[in-house]
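Please look over the model shown here with its sequence.

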Amino acid sequence: MITSHNLKFSYSAQKKFQFPDISCGDRETLLILGQSGKGKTTLLHLLALLLQPESGEVIIGGRSIKHLSHEQIALIRAKTIGIIYQRAHFVSALSVIDNMLLSNFLAEKDQDRKKAIYLANELGFAEHLSKKTSQLSQGEQQRVSIARALMNDPNVILADEPTSSLDDINCQRVIDLLKAQSASIGASLVVVTHDQRLKSEFSNQVIL
Amino acid sequence: MNLFKISLANIREKKLNSFLSALLLALGIGMISLLLLLNQQLDEQFRKNIKGIDMVVGAKGSPLQLILSSIYQIDAPTGNVPLAEVNSLRKNPFVKTVIPLSMGDSYQGFRILGTTPKYIEHYKVKVAEGHIHNASMEVTVGSKVARNAGLKIGDTFASSHGLDGEGDQHDHKKYKVTGIFAASGTVVDQLIITRLSSIWDIHEHAEAGAEKHEEHHEEAGGEAEEEGQDVTSALIQFRNPMGLMTIPRQVNTNTSMQAALPSIEINRLFSLLGVGIETLRAIALVIITIAGVSVFVSLYNSLKERKYEMALMLSMGATRTSLFLMLLIEGLFLSVVGFFAGILLSRFGLLLFSKAAEQDFHYSLGKFAILPEEIYLLFAALTVGAIAAALPSIGIYKLNISRTLAEE
């Protein structure tokens with residue numbers, strides 16, 4: 001469950017953003033569509049608590065994220081939000097499974113190797129677990145980053161342009177996976193994109 | 001998964017960079033450690049053998065050469081002096097002991113030293129096997145001689161003229177081994193010790209008739225001494241420091257001998273060596289500094305490459321402090337590896353050096369224990385690693401997560 005109220009953010013006096021309120025309940029999905037420069041990534045970073053809004057607030061799981069220290073915010077983000085970036089990035093020195101366990105470690109949770117293997121089987125990259133992430137194809141990397149976002153059973157899954165670099169077939173697979181996995185752990189799924197292919201996939205939509 | 005594992009993975013990820021950093025550090029540490037080892041052991045060897053010897057008298061020439069040949073047995077002797085002149089020093093009230101030395105022959109490169117029992121008393125060496133020689137042409141051999149030349153009690157051998165083992169053999173008369181000294185870590189270990197008279201006896205045939213055989217007379221030590229004979233040099237002990245003030249001058253002006261003071265000559269030798277040691281030490285410090293810079297550059301570059309990774313880890317809940325620790329572990333790990341590789345390197349160097357010294361001078365420098373100074377060296381290495389890691393870490397604290405993630 002994630003909601004926002006009156007979020008405002010400005011990079012400079014000229015570059016100001018005012019965002020519409022959004023709300024996405026557990027097991028629900030929300031598509032935020034917008035062209036470049038409309039502040040899609042800014043909104044996502046605000047929702048992901050990576051940026052502090054100028055005004056307004058974000059509420060995750062019924063808890064308002066305001067007046068908290070950087071450390072507290074970091075921990076809340078680690079435990080309750082799974083983020084999937086436009087291009088999958090990893091700690092390149094670590095293997096696929098270690099990259100997944102890393103999100104447990106950084107969220108100060110027990111490292112759940114069984115879960116990592118289970119997710120790898122679900123998402124179809126079980127045979128790559130001990131490889132370096134750079135040895136995987138882009139589609140595989142995107143699936144690993146989805147699995148990584150699921151490792152901590154987050155309340156909210158935020159995806160930033162998860163499909164823009166993928167072909168139609170992989171695009172469909174990734175969206176299906178995202179929907180299925182977020183539903184299976186009862187999380188809210190918020191996808192930010194300019195990818196018009198996704199319009200038909202989501203009933204709840206916000207246009208920036 | 002823990003910070004240490006991530007750090008190790010990062011080090012493995014850039015093997016060559018890490019190797020270069022550790023190698024440079026190992027070279028620097030190794031050089032300094034080798035210098036420390038050599039310095040300490042040469043110093044120890046030199047001081048141990050010098051102990052209690054206040055002055056050496058011998059033929060005129062280089063005083064350093066006289067000291068090196070008479071005390072350390074590593075240089076050629078300066079020449080001969082009459083025993084009578086040496087013995088006249090005994091009359092001086094400041095002189096406590098006079099130990100005449102006669103050398104010039106060797107066996108398999110080990111020097112044969114003719115001397116009085118005082119010499120053995122002075123170095124406080126004990127006999128491990130057999131008994132101390134008590135007649136002419138009997139010898140007691142040092143532990144290293146017995147081991148390396150394979151001499152046992154009752155063996156006989158012919159000495160060769162000269163100190164390099166390549167001179168003519170004195171085949172007509174053979175020495176007999178009656179005893180073997182226990183290892184003492186002093187110069188005695190590498191000597192074959194006999195009576196003064198043995199040396200004269202063996203060279204007698206060459207000078208037959210030239211020298212008149214004089215009456216034997218028993219000395220307090222029970223050693224027969226022959227007046228009119230020559231010796232190579234003599235080690236002198238004074239009764240009190242007053243001797244030091246007057247006797248060297250007397251010897252140098254009133255006799256055909258020269259007096260050399262071991263402490264002064266050895267200090268001179270060390271100050272000559274010191275220039276070289278200082279240079280090497282400076283080079284080693286430069287190498288260590290370069291190693292530090294190399295670790296720094298390596299971490300700094302990887303930090304630039306890993307900027308997105310850092311931002312990613314921060315977005316996943318890592319604190320800036322834990323990322324700083326991660327870099328610190330990388331730097332410290334390289335330092336520790338470099339340090340221990342350097343210590344091993346220096347021991348290896350010492351082994352080679354010791355082999356060479358053993359071959360040329362029969363001195364062994366075989367002490368491989370960690371020196372207290374090397375603990376400081378470890379701290380120095382850790383400091384270099386920590387600073388090299390800390391400087392690029394400032395970047396972590398300045399990193400803007402949102403912008404970094406958005407830009408790539």
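Predicted model: local features only at pLDDT ≥ 70, side-chain atom pairs only at ≥ 80, totals over all residues.

Residues are numbered from 1 along each chain as its sequence is written, chains are lettered from A and ligands numbered from 1 in the order in which they are written, and side-chain values use heavy atoms, with hydrogens and water left out.

Taking contact as heavy atoms within 4.5 Å, 22 residues of chain B touch 26 residues of chain A. Buried area is the accessible area (1.4 Å probe) that two parts lose on being put together, summed over both, and between chain B and chain A it comes to about 2200 Å², with 66% given by carbon and sulfur atoms. Of the area that chain B buries against chain A, B:M1, B:M316 and B:S402 supply 30%, more than any other three residues.

Two salt bridges (a side-chain nitrogen of Lys or Arg within 4 Å of a carboxyl oxygen of Asp or Glu) are counted between the chains, and in one the side chains of B:E13 and A:K132 meet at 3.1 Å, N to O.

Within chain A, an open sheet has five strands in the order β7-β8-β9-β4-β10, with parallel pairing; strands (E, at least two residues) are DSSP runs, numbered from the N terminus, and two of them pair if DSSP finds at least two bridges between them. The edge strands, each pairing on one side only, are tabulated here.

| Edge strand (chain A) | Residues |
|---|---|
| β7 | 81-84 |
| β10 | 205-207 |

Strand β4 of chain A is joined to β9 of chain A by five bridges, and A:L33 has A:T193 as its bridge partner in β9(A).

Technical notes
Helix = DSSP H or I, 4+ residues; strand = E, 2+ residues; numbered from the N terminus.
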